[in-house]
Amino acid sequence: MLAALASAVRAEDAKHADPGQPTLAEPHVSESDREHWAYRPVRRPQVPVVRDIQWPRNPIDAFVLARLEERGWQPSAPADRGALLRRVFLDVTGLPPSLDEQDTYLADDAPDAWERLVDDLMSRPAYGERWGRHWLDVVRYAETNGYERDAIKPFAWRYRDWAIAAFSADKPYDRMVLEQLAGDELPDADTESVIATGFNRLGPWDDEPADVAQDRFDQLDDLVQTTSLSFLGLTLGCARCHHHKYDALSTHDYYRMVAVFAPLERSRDGRSELDLPALAPAQRAMLAKDAAATAGPRGYFLHESSANAPATHILLRGRASAPGPIVEPGVPAVLAASPPPFLPPGDYTTRRRLSLARWIVDPANPLTARVIVNRVWLYHFGTGLVRTPSDFGILGSEPTHPELLDWLADWFVHDAGWSLKRLHRLILTSSTYHMSSAERPPGKGDWLAVEATN
């Protein structure tokens, strides 16, 4: 019955694939489209001057206090030391302090006691486990495939361990992006960076699809959606079958991204997923077949078997059986008035993913730094400066403190060198983080600073 249904769908789609039928025209991207707040270049604003010069400990506080003072409000009093201790332990490690740790900190009256505590917590293995888990949630980490049989993804746990180790070692965020998207294509590719590309293979996999060609594009759709949501805060997946209804994202943009990932292949034997030696492509190519169950660590990742990329077509109505015009790899036009150059193929791979990853982490990209600093803020305060962390588009929330968001994004890239631990430290040592969350009676003319984001 399923085969008959698939055949009927293919027959219907064939009508739409007729060369005589009109094809989808790419809409013009106007300058007004590029004026959306998230698409504008990041510019570091001046730290505001505030009347209460005693309260701010760092620029975060100046931006927050300036907003409060505009409304005639005052920041809340600091939380007591015990509450702050529990707060920072749970935020940084996910674990409460032990009784001995409480006693030690509460007895420490040194001026730098808090700063030393923050540094100590970020040096613990639990920090990488806590923040690695946040990231695994963002990138749809799972160790099974879903669907009826829900088979195990072999060695997927190596990607989990890579993420934990990356946070623990404070691997720069731009390097984390490069490794996850294209760790095998980096000039210094190694076992660690190849394992990181497990990011590309974490989605669900149907080991017995009704329509093999359609299922293949469903897998590519998973990659496009996860990449655009995780790193860019874009709902590009909404443009698979038609131009995005709200954002300046076209179906052409979507399939340009599909073309980036189209050369990737899944190692499998029928219904069984296969792992691979976690080696750079050049090393793997030199292996004899009988030397591949002894080549060192095994990994769970997609791979490119050739430097020659397959043609990528726009799929009319999003159906694999209705191919339209061919598109080349690229990025959303609204984010690049001049399309960034893509590298020529290398000896073993197309280097399309490396080209995309380098564009994503280019400091000129308006989204990447904004998205990650907002995610970190979200996990510390319970809500982001942008309350839709994976949607910076038209239907997403506008930032409550746009100047603070841009200051943080620019500082993160140019001062902190993409260091997440430095970003944590800046937030955790601010007066804003230290405020009490206790409810206060109305009519006092003040409020929680986090409520100033309403």
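A salt bridge is a side-chain nitrogen of Lys or Arg within 4 Å of a carboxyl oxygen of Asp or Glu. The model is predicted: local features need pLDDT of at least 70, side-chain atom pairs count only at pLDDT 80 or more, and totals for chains, interfaces and linings use all residues. Residues are numbered from 1 along each chain as its sequence is written, and side-chain values use heavy atoms, with hydrogens and water left out.

**Exercise 1.** Find which parts the salt bridge between Arg 124 and Glu 101 ties together.

Solution. 
- Step 1: the side chains of Glu 101 and Arg 124 meet at 2.8 Å, N to O.
- Step 2: Glu 101 belongs to helix α4 (residues 99-106), while Arg 124 is in the loop between α5 (113-122) and α6 (125-138), so the pair links parts 23 residues apart in sequence. Helices (H or I, at least four residues) and strands (E, at least two) are DSSP runs, numbered from the N terminus.

**Exercise 2.** Decide whether Asp 275 is buried or exposed, and do likewise for Arg 298.

Solution. 
- Step 1: buried means under 20% relative accessible area, exposed over 50%, partly exposed in between (1.4 Å probe, protein chains only).
- Step 2: Asp 275 has 18%, so Asp 275 is buried.
- Step 3: Arg 298 has 12%, so Arg 298 is buried.
- Step 4: their side chains meet in a salt bridge (2.5 Å, N to O).
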